[in-house]
Amino acid sequence: MLDVVFASIRGSGMQKVNMLDIGAATGYLTYASSSLIAGEIGLSDSKVTGIDLSQEAIRKAQSLHSRFNPKIKTAFVLDDFFHHLEIFNKYNLIVSGCGLSQADVVGSILSKV
């Protein structure tokens, strides 16, 4: 998954990444992406937000903040994709490790517009 994130950013000309991780669970992909974006790619003014339906997962992800020590702004929100539709003009990269396809994401957005 990190290879996909890296490939999406590298060569895109992005100066700042605002990434949404749908189904963040305990935050591994969110934190790993933060490290990748800040370290290997060098976009330290970026932000990564993880959302999940589970309060326990969000608590666990937040509790790991000091252990992972992300170099960019990293936040976790109890929410689902369908209620998190301020994605227009906010996120320039959306990832999901929870089985949502691009068609699911686009279809959900279009159904709310």
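Analyst: A residue is buried when its relative accessible area is under 20%, exposed when over 50%, and partly exposed in between (1.4 Å probe, protein chains only). By this rule, 42% of the 113 residues of the protein chain count as buried. The model is predicted, so local features need pLDDT of at least 70 and side-chain atom pairs pLDDT 80 or more, while totals for chains, interfaces and linings use all residues. Numbering runs from 1 along each chain as its sequence is written, and side-chain values use heavy atoms, without hydrogens or water.

User: How many helices and strands does the protein chain have?

Analyst: Helices (H or I, at least four residues) and strands (E, at least two) are DSSP runs, numbered from the N terminus. The protein chain has five helices and four strands, and their order along the sequence is α-β-α-β-α-α-β-β-α.

User: How many salt bridges are there, and which residues form a salt bridge?

Analyst: The criterion is a side-chain nitrogen of Lys or Arg within 4 Å of a carboxyl oxygen of Asp or Glu. The count comes to one salt bridge. Glu56 is joined to Arg59, with the closest N and O atoms 3.1 Å apart. Both residues belong to helix α3 (residues 55-63), where they are three residues apart, about one turn of the helix. Arg59 counts as partly exposed because its relative accessibility is 46%.

User: Which side chain of opposite charge is nearest to Asp52, and which is nearest to Asp21?

Analyst: Lys and Arg count as positive and Asp and Glu as negative, with His and the chain ends not counted. Asp52, in strand β2 (residues 47-52), is buried yet has no salt bridge, and the nearest side chain of opposite charge is that of Arg59, 11 Å away. Asp21, in strand β1 (residues 18-22), is likewise buried without a salt bridge; for Asp21 the nearest is Lys47, 14 Å away.

User: What polar contact does the side chain of Asp21 make, and what lies 2.7 Å from a polar atom of the side chain of Asp52?

Analyst: A polar contact is a pair of N or O atoms within 3.5 Å; within protein, one must be able to donate a hydrogen and the other to accept it, and residues adjacent in sequence count only if both atoms are side-chain atoms. The side chain of Asp21 makes such a contact with the side chain of Thr30, at 2.6 Å. For Asp52, the backbone nitrogen of Ala25 lies 2.7 Å from a polar atom of the side chain.

User: What is the phi of Ala25, and what is that of Asn69?

Analyst: Most residues other than glycine have a negative phi. Ala25, although not a glycine, has a positive phi of about 55 degrees. Ala25 is in the loop between β1 and α2 and is partly exposed, with a relative accessible area of 34%. Asn69 also is not a glycine, and its phi is positive at about 45 degrees. Asn69 is in the loop between α4 and β3 (73-78) and is partly exposed at 44% relative accessible area.

User: How many aromatic pairs does the structure hold?

Analyst: Rings of Phe, Tyr and Trp (its six-membered ring) pair if their centres lie within 6.5 Å; planes under 30 degrees apart count as stacked, over 60 as edge-to-face and the rest as tilted. The structure holds two aromatic pairs. Tyr31 and Phe68 are stacked, because their ring centres are 4.9 Å apart and their planes are at 15 degrees. This pair links distant parts of the chain, with Tyr31 in helix α2 (residues 28-40) and Phe68 in helix α4 (residues 65-68), 37 residues apart. Tyr31 is buried, with a relative accessible area of 2%, whereas Phe68 is partly exposed, at 31%. Ring pairs link Tyr31, Phe68 and Phe76 into a cluster.
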